Each structure stands twice: as structure tokens, then as C-alpha cells.
Amino acid sequence: QAGVPDASWLAEVARGACRDVGDVPIELLGDYLPLLADAATSGREPAAIELDAIGFLGRRAAESGVSAGSAVQLYLSAARRLWQQLPAVVRSRDSEVVRAAAAAVLHVVDQAVARLAEGYTDARRQMVRWEETLRREFIDDLLRGDADVGRLVERAEPFGLDMARPHQVALAAPAGQLNETESAISALERAVVQWAGDRDVLVATKDGSIVAVTPADTDVPGPRSGPTTLGELMLTELERSSRSRPWRVAVGRPHPGSYGIARSYEEAREGLTMTIRLGLDSPLI
């Protein structure tokens, strides 16, 4: 067959697929359904430029906050509905024709979903790199203490920091080069958040050490049998996660405001430097 004589039914297939996965934007389907219909009726494979367009749709899905699972389910649901609702005029009683059409459709689904996922992954990777760049720049300015205060307060909001609260800074240095993975840093951040009972927490790496910023006016929840200070908590978590190396943790005093964070960081850094120079064995300063 030369093609689908009436493509209006594809719009209903698209709407039904979007409903199946929770009303994701119908625009994410692009020309995917016509590609499937062409494959079913003529066996035509998608051109490279058509697959590139689907990869772009994967990027759009990531940038618009649609989950990868929802995007893939949208394409699978659309394929299922299309196959079930192919107009009778493009169906055949010949089993060989039907098998060939099914194979062609499945081949397009496989290519399209792979390109969709590839575009989604590329976009997420780029977004993560960009967010990490913003995070590192913010931390550098925050700990340096000489950035514009108004702008710093504005930049702190996405990271959940309330600059009006007093904060304290802890600095953890390993014996040797720091080669902790992002998963280890994330695990430490979760432990600090759980311990402090507050989302106003920031954990990152800087100059070969791990820095933790927490509010100083938060009551420590839970039983007193565990760590009762930020320094004790960090030391416990780091020694548990990397038993092969000793750690030193220095904690600055709490100070209010954005400049207070920089001041607390300087105190922690000076304490850590002095301990190393004097050759002291104390793991917690």
C-alpha cells in the first residue's frame, strides 16, 4: 500500500498514549506515529534525519522534567495503540504480510526508543554538568566571603540555604589525596541532612577536602547514643565509608549571615592547618 489514506486517527492514538502515561506533552511524539504507520504499510525505515528529530525530542523531555520512564512508556504505548487501531484498509488477511508489517513496526520502535533514550541521557548529562558548575561556583563564592551579598542570597535559594540563619562549617581532610566518588559525597550529605533534621545543608569538595555547611540553630534529633556534633558525625561517616585511611575533621564556630559562613570556614581551615603543622594526633578539631 502507498500509505495511510486517512491519518486523522493517528491524533486519537497520540492522545490515548499520552493519557496512558499521565498526560505527558503530546508534542514529545513528534512524527513518531507517522513513521510507524509508514513502516506498517510500506515497510519504510526512518531516515537518519527523522531519528535525529526523535533524539531532539528526548532532550526536550529531559529539559521539561518528564521522567525517562514516562518518555519511553509514551512511545511504547503509542506503538501498541497504533497496531491495535490500524484502519482495516491497511490490514491484510495474509499472515506473511502481517508478520512483515509487525517486524517493520517493531524495528522502528526499537530505533526510535533507543534514539529517544540517547537524547534524554545526553541532555541529563549536560544538565548535571551545568548544575555542578553552578554549585561549585556558588560554594567558592560562599566560602570566600567577598561576593555580592544580595546576589549570593539569591543564588543560595536553589540550594536550600537560608542565609539569615547562623551556620557552621566543617572541613574534612583525608590522609593522602582525596579521590572520593560523587556517591560517597552524596551519602555523607544524606547522613548530615538526616542528622540535622533540616534541608538547609550543603556538602561539597573543595581544595582536596570535604566541606559541610549546616545551620547552627538546629536541635539534634534522635537518641543521644550517636554523634551529637557535626564533627563527630562526619568523622564517623567518613571512617565507616573509607576504613583504609584516617581522616581529620575541623569545625568552625557558628556565625550569622553570608560572611559568617566564610568566617566559620576560615576557622575550620586554620584549625586543620595548625593541627597538621604541629603534628597532633587528634582526628577532631
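A residue is taken as buried when its relative accessible area is under 20% and as exposed when that area is over 50%, with partly exposed in between. In this predicted model, K206 has a relative accessible area of 17% and is therefore buried. Its salt-bridge partner is D207, with N and O 3.9 Å apart. D207, in contrast, is exposed, at a relative accessible area of 64%. D207 sits in the loop that joins β2 (202-206) to β3 (209-215). The backbone of D207 has a phi near 55°, a positive value in a residue that is not glycine. Most residues other than glycine have a negative phi.

The protein has 285 residues, of which 42% count as buried. Its secondary structure consists of 9 helices and 4 strands. Read from the N terminus, the order of these elements is α-α-α-α-α-α-β-α-β-β-α-β-α.

Helix α3 (residues 48-63) and helix α5 have axes that come within 7 Å of each other and cross at roughly 45°. This angle makes α3 oblique to α5. The crossing of α3 past α5 is right-handed. A salt bridge is formed between R115 and D52, whose closest N and O atoms are 2.7 Å apart. Because R115 belongs to helix α5 and D52 to helix α3, the pair ties together parts 63 residues apart in sequence. R115 is partly exposed, with a relative accessibility of 24%, and D52 is also partly exposed, at 47%. Helix α5 spans residues 95-144 and includes A100. A100 is partly exposed, at a relative accessible area of 46%. The C-alpha atoms of A100 and S42 are 9.7 Å apart in space, while the two residues are separated by 58 residues in sequence.

In total, the structure contains 15 salt bridges. One of these joins the side chains of D20 and R81, at an N to O distance of 2.7 Å. This pair links distant parts of the chain, with D20 in helix α1 (residues 8-20) and R81 in helix α4 (residues 68-85), 61 residues apart. R81 counts as buried because its relative accessibility is 19%, whereas D20 is partly exposed, with a relative accessible area of 37%.

Note on methods: Residues are numbered from 1 along each chain as its sequence is written. This is a predicted model: local features need pLDDT of at least 70, side-chain atom pairs count only at pLDDT 80 or more; totals for chains, interfaces and linings use all residues. Side-chain values use heavy atoms; hydrogens and water are left out. Helices (H or I, at least four residues) and strands (E, at least two) are DSSP runs, numbered from the N terminus. Buried means under 20% relative accessible area, exposed over 50%, partly exposed in between (1.4 Å probe, protein chains only). Axes are lines fitted to C-alpha atoms, for helices over the stretch in contact, and angles run from 0 to 180 degrees between N-to-C directions. Angles under 35 degrees count as roughly parallel, over 145 as roughly antiparallel, 65 to 115 as roughly perpendicular and the rest as oblique. A crossing is left-handed if the near helix is turned anticlockwise from the far one by less than a right angle, and right-handed if clockwise. A salt bridge is a side-chain nitrogen of Lys or Arg within 4 Å of a carboxyl oxygen of Asp or Glu.
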